[in-house]
Amino acid sequence: MKNSLLVVGASGGIGGALVSALSQAGEHVIAVSRQTIDSPPWGSSVEVHTLAEYSEAQISSFVNTLNARGVTIKMAIVATGVLHDESNNLHPEKRLEDVSHEALGQYFTVNSIIPALWLKYLVNVLAKEQPSVVALSARVGSIADNQLGGWYGYRASKAALNMLLKTASVEYARRLKQPLLVSYHPGTVDTALSQPFQRNVKANKLFTAEFTARQLLLHLSRLDRTQPCHFIAWDGTPVPW
Ligand SMILES: NC(=O)c1ccc[n+]([C@@H]2O[C@H](COP(=O)([O-])OP(=O)(O)OC[C@H]3O[C@@H](n4cnc5c(N)ncnc54)[C@H](OP(=O)(O)O)[C@@H]3O)[C@@H](O)[C@H]2O)c1
């Protein structure tokens, strides 16, 4: 079977745009979402799968099914993440007093643990040579770059994601030939996630999801594979860890 590309979080603004861009480029795309995507807009080169939740059991079973079908993934993009969730009373913290066990748990579960589980199972279904795994991270997850403070849970969960990716890249490089693991800061993108925080963003710094998908795919094709892990931004520049 032809090598496939996997996008997790296909109902999201960035995830959906990535599925479109990759399918338009003629790739066979496996799109995964927790939502049932009725009438997917992508055409027949996209397989859409619904995982009711990203539990370890569901991720493991989904990857096992791919393996059993003989599917090989040459690139996987985990485009899931949460910054605010009104239904769970989750809002980024402005001050220390806003920090709570419950909110930190939600941020770490979605932004760190779920991508880590994908990293754990995907290694078994990736192409043996030059596979790529991208996780949507954020510049605010950079420890070195943190001047403003606030957003404790989102920042810390993205910093943890970066460390999980970096750590996995050491092991991936032992098991696979020239793997590339990329932690990606997309800039501020006009999606549901950034919607409540767009007021102070200059119009030319608020990117469309389509632009974001194009930029990501462009930079991925140019990254140096002698280094297995990169943290880069939408313009291709490295972000300090
Ligand atoms: N938009 C920005 O300005 C911006 C900036 C920096 C970084 N990012 C990062 O880019 C990634 C994609 O964000 P986006 O802008 O495309 O946001 P989005 O439109 O809200 O999509 C995020 C997707 O994440 C999944 N998700 C959300 N809550 C979840 C939960 N509780 N459990 C499991 N999965 C959940 C959902 O995908 P499914 O239901 O399809 O699985 C959702 O569609 C995130 O990691 C975000 O942190 C975005």
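The model is predicted; local features require pLDDT of at least 70 and side-chain atom pairs pLDDT 80 or more, while totals for chains, interfaces and linings use all residues. Residues are numbered from 1 along each chain as its sequence is written, and side-chain values use heavy atoms, without hydrogens or water.

An open sheet is formed by seven strands in the order β3-β2-β1-β4-β5-β6-β9, with parallel pairing. Strands here are DSSP runs of E with at least two residues, and helices are runs of H or I with at least four, numbered from the N terminus. Two strands count as paired if DSSP finds at least two bridges between them. The edges are taken by β3 and β9 (229–233), each with a single partner strand, so one side of each has no neighbour in the sheet. On average, neighbouring strands are turned by 15° against each other, direction ignored. Axes are lines fitted to C-alpha atoms, for helices over the stretch in contact, and angles run from 0 to 180 degrees between N-to-C directions.

Strand β5 (residues 132–136) pairs with strand β6 (residues 180–185) in the parallel sense over five bridges. Valine 134 stands opposite valine 182 in β6. Helix α4 packs on the sheet and touches β5, β6 and β9; its direction makes about 165° with that of β6. Helix α5 (residues 209–222) also packs on the sheet, touching β4 (73–78), β5, β6 and β9, at about 145° to the direction of β6. Contact means heavy atoms within 4.5 Å.

Five salt bridges are found in the whole structure. The criterion is a side-chain nitrogen of Lys or Arg within 4 Å of a carboxyl oxygen of Asp or Glu. One of them joins glutamate 47 and arginine 69 (2.7 Å, N to O). Glutamate 47 lies in strand β3 (residues 46–50) and arginine 69 in helix α2 (residues 56–69), so the pair ties together parts 22 residues apart in sequence. Glutamate 47 is buried at 19% relative accessible area, whereas arginine 69 is partly exposed at 36%. Buried means under 20%, exposed over 50%, and partly exposed in between (1.4 Å probe, protein chains only).

Lysine 120 and glutamate 56 form another salt bridge (2.6 Å, N to O). Lysine 120 lies in helix α3 (residues 101–122) and glutamate 56 in helix α2, so this pair links parts 64 residues apart in sequence. Lysine 120 is partly exposed at 46%, and glutamate 56 is partly exposed at 32%.
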